[in-house]
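Subject: Structure for you to look at

Hello,

Here is the structure I promised to pass on. Please open it and keep it in view while you read my notes below.

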Amino acid sequence: MKAPTVALFISFLLAGGAAAQTPNGCDVPSNLLFDENELNHVATAVKENQQLDIAIIGTGSSTLGGPEGKAYPAQLEAALKARLPDIAVRVTVHAAPRQTAATMWEDLKSIVSEQKPTLLVWQTG
């Protein structure tokens, strides 16, 4: 009885080690990338105001740490600050775990009217 249990435990350890490896960078399949979306209103606002305010409305996963220990909104903000050093970049997160899109829609309307972000990212479950 001990030998099968030990063998099973070792196989879980080996499988877990393989699954724990993380890829280098953030690989995105090409079919998920769209280059025809220029976001002209965002470019104009950034030029005119020298700032970029992004509101992210999402589920609980919007606050989960990625491979570097930071959630994707924090990684996005850091990347944009590095690429746009002369622009004031601010990313705010409004996490709504376990809420339906209909409920999030009501929150979204008030966030947009109060915060007036340059760009809104809405992550639905």
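What covers its buried residues? The cover includes strand S1 (51–58) and strand S2 (88–95). Keep in mind that this is a predicted model.

Which residues of H3 are buried? They are Pro73, Glu77 and Leu80. These three cover an arc of only 70° around the axis, so they sit on the same side of H3. An α-helix has 3.6 residues a turn, so residues three or four places apart point the same way.

Now turn to the face of H3 that points away from the buried side. Exposed residues Ala82 and Arg83 are carried there.

I also checked the length of H3. The helix runs over residues 72–83, which makes 12 residues. At 1.5 Å a residue, H3 should span 16 Å. Its end C-alpha atoms lie 16 Å apart, so the two values agree.

Next, the whole protein. There are four helices and three strands. Along the sequence they follow the pattern α-α-β-α-β-α-β. The protein has 125 residues, and 21% of them count as buried.

How much of the contact total comes from residues 24 or more positions apart? Among contacts with a separation of 6 or more, such residues account for 65%.

Last, the surface. The protein exposes about 9200 Å². Carbon and sulfur atoms supply 59% of that area.

Best wishes

How values were computed
Residues numbered from 1 in each chain as written. Predicted model: local features only at pLDDT ≥ 70, side-chain atom pairs only at ≥ 80, totals over all residues. Heavy atoms only, no water. Helix = DSSP H or I, 4+ residues; strand = E, 2+ residues; numbered from the N terminus. Expected span 1.5 Å × (residues − 1). Buried < 20%, exposed > 50% of the residue type's maximum accessible area, 1.4 Å probe, protein only. Arc of directions from axis to C-beta. Contact = heavy atoms within 4.5 Å. Areas by Shrake-Rupley, 256 points an atom, 1.4 Å probe, with all protein chains shown as cover.
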